[in-house]
Amino acid sequence: MSTAFDKLARPIQKWIREQDWRELRDIQARATHVLMDSDADLIVAASTAGGKTEAAFLPLLSQVFNDPSELSGFDILYVAPLKALITDQARRLDDVCRETELPVIPWHGDVPSSVKARALRHPRGVLLITPESLEALFIRRGLEIPRLFGATRAVILDELHSVLDSERGIQMRSLLARLEQSLNRPIRRVGLSATLGDMELAKAYLRPDNPENVETVIATSGSAELQLQLRGYVAGDKDDDAPSATDAISLHLFGHLRGSDNLVFAGARQTVEIYSDRLRTLCEKEHLPQEFYPHHASLSRDHRDFVERRLKDGNAPTTAICTSTLELGIDIGDVTCVGQIGAPFSVASLRQRLGRSGRRPGKPAILRQYVVEAKLTPTSNFSDRLRLGLVRATAMIELLLEGWCEPPQRGALHLSTLVHQILSVIAERGGVRAQQLYGMLCQKGPFRQVDTQLFLDVLRALGQPETALIEQADDGLLLLGAKGERLVEHYSFYAVFQTPEEYRLISGGKELGTLPIDNLITPGMLLIFSGRRWLILEVLDRDRIIMVSPAKAGVPPLFGGDPGNIHDRVIERMFDILESRHRPIYMDATALELLEEAQCQYAHLCFDPGRIAHLGDKAAVLATKTGSVRTTTLALALRASGFTIQTHDGLLEVFGNDETPPLIEALSAMASGKPLDLFGHSPNLLFEKFHPHLTEGLLQKDALSARLDPDGLAELSRSILR
DNA sequence: GACCTGCTGCGGCGTG
């Protein structure tokens, strides 16, 4: 059998020799065999900087070189979710493509229109594009799609794990299905991904009609040693002389991270600001150069570039206190240690974060997990007593060590994204029949959970006079309505996800970043932002601008956010931990004390009968022992019966009143399958960008498909009563 | 109880 290297085209071989590579990496060789010897689709799974890009591109470019297409169009299409990733990859590909004389065209909002115009005149080579820009091509140049992509032999989807079953992922799949239908032939799909929780689901995601034909190449996990510590802290009383938990963690970070490159994930932007401020102050007090910097999406591009460059250059030690901005995508080089303040929301993201450390041979990956728990008083709530943050962080670490991570969630209807794609197809084609539209999007596209009746309901909602997004011509053709025209015309249409309104923060003519408009802001107030302290001088409401100047004190702003979704398996593990006497070796003394306390308090909660603990006359705690979706469903059902509910990880705090039935009676009714109105107290159902155009009934169906599990309610109630 | 991501076409003006 010939080696993978032998199979590649001459110019590619020449390029590889020039790189001084001793040989192709394992995943590159295996991917080359699959891509050169078969027509199978492929998923390449490896960590950042694992050589995935070359694994896909070297064989595909070889094919283009050896067997050039006679048709017009780009030879290879590459779709990535970040502009920075496209810029990065274009630079890397330029070299190798010069050998094959193929142009490399980066295409996103910041690419000059002259570059785009030239590529449109002579489409060939490699097109690197975002889902939004591809969407724009369909809408603005629908008739030219065959000319632009006639020659395309493969599409590479980068960061596949980050878009599985998300709004953008569904959009991307819809665009690919539409592309194949325009060309009347399939295009080979190659997905690049970090390690995935469930490879079978990923295959079905990449090629829904033929998952058996998807091959996988998975990197044998980097055998880097893992060093791990979980440190517990108790938030002290205000009048306590001891340093606060925040100060104690800052001091620990200061002492252990100084002098090297590190990432500290602080969860929320507000927390990032608090820790950045403390660490900057510590450096100033010790008269040391600054090396701790905040990094999150509300900070100016300038500041973020500065932090990313400092990390990548490796010239000066740099620790970024950050949110998930530094979790995926662009390569910032290897870091010594990954810090995590507070429990993360998913094992998948914890794994992705840890993958940033220990990449050099012989260097361990280091995870420092910090958890803050409240000081208990006689009136402390049971959720504080159970130390849920500590227990969740522990459960996540244990699952990480076992190699598990969350699979993509399936079954969601994605009606908001469906509305977007309906409008997009009509714009692309000028007009389309309902039957044809259904075939394109729901039968051949990604909206397979949507049946004809539901589809017609969506069309009807969009066609209502007050919505006026679409209308039907006399011959039955669906056209854009007056409001639909306006919506699609504006460039803000291309993205399928929602973005909040914000103020721009300006000091001395320089932009610091942005702040959500729901902050209560008036001149004279003090603010912590970008790791520094500011005085608000002026608020220009109409221009959405806040003018500030440096100050000596300040408080961090609020950034808002959605409640997260915790997987069933994580919550199940939390209860395993609470019900055991498990003492993990990676915990410090405080964390061990807190854990022991939690296990003891759990035993004292007296779940009897079943999983109900009565706290008082009308108050009780239910252990659902399951993730956010089912726990939220039960919470809504009980609220519909008149109870007041507080939700926690796998637990519900339930308060009755004079009107409510006994809790056991309410649960028994649910256990027997009695129909319930989950939406009785009209909870907010507007989560996604195009939700405001749908009817209440459709919004409820959408929520039921993705965020709730009504079918599991009876069984959950039975298991709680048992 | 959280985070992240993206964006066209054209008119107007200056310069070679």
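This is a predicted model: local features need pLDDT of at least 70, side-chain atom pairs count only at pLDDT 80 or more; totals for chains, interfaces and linings use all residues.
Is Gln 443 buried or partly exposed? With a relative accessibility of 48%, Gln 443 counts as partly exposed. Leaving aside residues up to four places away in sequence, Gln 443 touches Tyr 438 and Arg 448.

Glu 159 sits in the loop between strand 5 (154–157) and helix 9 (160–163). Its backbone is worth a look: Glu 159 is not a glycine, and yet its phi is positive, at about 55°. Glu 159 is also buried, with 8% relative accessible area.

You will find Asp 165 in the loop between helix 9 and helix 10 (167–183). Asp 165 counts as buried, at 19% relative accessibility, because the cut-off for buried is under 20%.

That brings us to helix 10 itself, and to its neighbour helix 7. A quick reminder for anyone new to this: two packed helices are described by the angle between their axes and the distance between the axes. For helix 7 (residues 131–140) and helix 10, the angle is about 40° and the axes are 10 Å apart. The two helices are therefore oblique to each other, and helix 7 passes helix 10 in a left-handed crossing.

Who meets whom here? On the helix 7 side we have Pro 131, Glu 132, Leu 134, Glu 135 and Phe 138, and on the helix 10 side Arg 168, Gln 171, Met 172, Leu 175, Arg 178 and Leu 179. Sorted by class, this contact has six nonpolar, one polar and four charged residues.

Let's compare notes with a second pair, helix 25 (residues 663–671) and helix 27 (residues 713–721). These pack at an angle of about 135°, with axes 7 Å apart. Helix 25 and helix 27 are therefore oblique to each other, and helix 25 passes helix 27 in a left-handed crossing. From helix 25, the residues Ile 664, Leu 667, Ser 668, Met 670 and Ala 671 take part, meeting Leu 713, Ala 714, Ser 717, Arg 718, Ile 720 and Leu 721 of helix 27. By class, this contact has eight nonpolar, two polar and one charged residues.

Now for salt bridges. Side chains of opposite charge can pair when their charged atoms come close. How many salt bridges does the count come to? The count comes to 38.

Take Asp 247 and Arg 278, whose closest N and O atoms are 2.7 Å apart in their salt bridge. Asp 247 belongs to helix 12 (residues 245–257) and Arg 278 to helix 13 (residues 269–285), so this pair ties together parts that are 31 residues apart in sequence. Both ends are partly exposed: Asp 247 at 30% relative accessibility, and Arg 278 at 27%.

Glu 308 and Arg 301 form another salt bridge, with closest N and O atoms 3.2 Å apart. In this pair Glu 308 is buried, at 12%, whereas Arg 301 is partly exposed, at 43%.

A further example is Glu 596 with Arg 583, where the closest N and O atoms are 3.8 Å apart. Glu 596 is in helix 23 (residues 589–604), while Arg 583 is in the loop between helix 22 (568–578) and helix 23, 13 residues apart. Glu 596 is partly exposed at 44%, and Arg 583 is partly exposed at 29%.

And one last thing to find on your screens: Asp 41, Glu 180, Arg 189 and Arg 207 are linked in a network of salt bridges.

Definitions and conventions. Residues are numbered from 1 along each chain as its sequence is written. Chains are lettered from A and ligands numbered from 1 in the order in which they are written. Side-chain values use heavy atoms; hydrogens and water are left out. Helices (H or I, at least four residues) and strands (E, at least two) are DSSP runs, numbered from the N terminus. Buried means under 20% relative accessible area, exposed over 50%, partly exposed in between (1.4 Å probe, protein chains only). A salt bridge is a side-chain nitrogen of Lys or Arg within 4 Å of a carboxyl oxygen of Asp or Glu. Axes are lines fitted to C-alpha atoms, for helices over the stretch in contact, and angles run from 0 to 180 degrees between N-to-C directions. Angles under 35 degrees count as roughly parallel, over 145 as roughly antiparallel, 65 to 115 as roughly perpendicular and the rest as oblique. A crossing is left-handed if the near helix is turned anticlockwise from the far one by less than a right angle, and right-handed if clockwise. Contact means heavy atoms within 4.5 Å. Ala, Val, Leu, Ile, Met, Phe, Trp, Tyr, Cys and Pro count as nonpolar, Asp, Glu, Lys and Arg as charged, and the others, Gly among them, as polar.
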